[in-house]
Amino acid sequence: MPSSRAERKRAQRVERLERTAARIFAEKGYDGANFDLIAAELDLRGPSLYHYFSSKEELFLRCVQKSGDEVFARLRAIATATEDLADRLRALFREQVLIEVRDYPEFVPLFFKTSVPIAELRETVLRIRREHAAIFEEAARRVADRHGIGAAELRLRLGIAFGALAYLPEWYDPRGALAPEELADQLADLLAAPFLSLSPA
């Protein structure tokens with residue numbers, strides 16, 4: 001943790017810069033984002049960002065690594081703290097919904113919809129996506145084993161759940177009648193339900 005007041009202020013500026021950059025990358029895509037656009041959102045000049053990051057590539061890499069770390073910390077805390085397997089899977093789905101629609105709306109477009117032309121960055125994004133999926137796959141597999149759901153059926157049900165989560169930011173309006181927490185409760189039950197029933201004969 002930063003120890004001095006100056007270090008703390010710098011850390012706060014960098015965190016704000018990273019969150020703003022993540023949103024711009026998510027909205028504009030990798031090619032459409034640049035230091036000038038990001039700086040303008042912060043009432044800064046584009047060249048001032050070079051005090052923190054040497055290039056757009058470095059900033060993008062930092063955005064995906066930082067956001068991945070934040071999301072994984074939340075999901076892994078649930079995966080290790082909740083004893084009941086069905087409750088664990090529901091809680092993971094609920095937390096993912098809150099991440100997407102309330103706390104980190106940049107997450108899905110940044111990792112699943114942003115085209116990245118640089119191979120090294122693209123591989124980092126794919127690695128983080130695989131790590132993210134693995135958290136749900138492990139929890140779902142343990143529930144599926146208990147309910148007699150086979151591997152092929154498990155993959156199908158996970159694919160449906162992942163697809164629903166990927167499209168969630170496209171249709172959910174946080175200004176609507178359904179609060180994010182209510183949406184999270186409802187979707188957690190809906191997404192977990194297929195893993196709690198026997199595989200079709």
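1. Let's start with R8, which lies in helix α1, spanning residues 5–32. Helices here are DSSP runs of H or I with at least four residues, strands are E runs of at least two, and both are numbered from the N terminus. Residues are numbered from 1 along each chain as its sequence is written. Please keep in mind that this is a predicted model, where local features need pLDDT of at least 70, side-chain atom pairs count only at pLDDT 80 or more, and totals for chains, interfaces and linings use all residues.

2. How exposed is R8? R8 has a relative accessible area of 41%, so R8 is partly exposed. The scale runs like this: buried is under 20% relative accessible area, exposed is over 50%, and partly exposed is in between (1.4 Å probe, protein chains only).

3. R8 also belongs to a surface patch of positive charge, together with R5, K9, R10 and R13. Such patches take residues with over 30% relative accessible area and no salt bridge, and like charges are joined within 9 Å. A salt bridge would be a side-chain nitrogen of Lys or Arg within 4 Å of a carboxyl oxygen of Asp or Glu.

4. Now to E182, found in helix α8, residues 180–192. E182 counts as partly exposed because its relative accessibility is 40%. Its side chain reaches the backbone nitrogen of A179 at 2.9 Å, where a polar contact is a donor–acceptor pair of N or O atoms within 3.5 Å.

5. Stepping back, the protein has 8 helices and 0 strands. Of its 201 residues, 40% count as buried. The C-alpha atoms fill a box of roughly 60 × 35 × 35 Å, taken along the principal axes.

Technical notes. Side-chain values use heavy atoms; hydrogens and water are left out. Patches are made of residues with over 30% relative accessible area and no salt bridge: like charges are joined within 9 Å, nonpolar side chains (Val, Leu, Ile, Met, Phe, Trp, Tyr) within 5 Å. Accessible areas come from the Shrake-Rupley method with a 1.4 Å probe; for residues, only the protein chains shown count as cover. Lys and Arg count as positive and Asp and Glu as negative; His and the chain ends are not counted. The place of a charge is taken as NZ of Lys, CZ of Arg, CG of Asp or CD of Glu.
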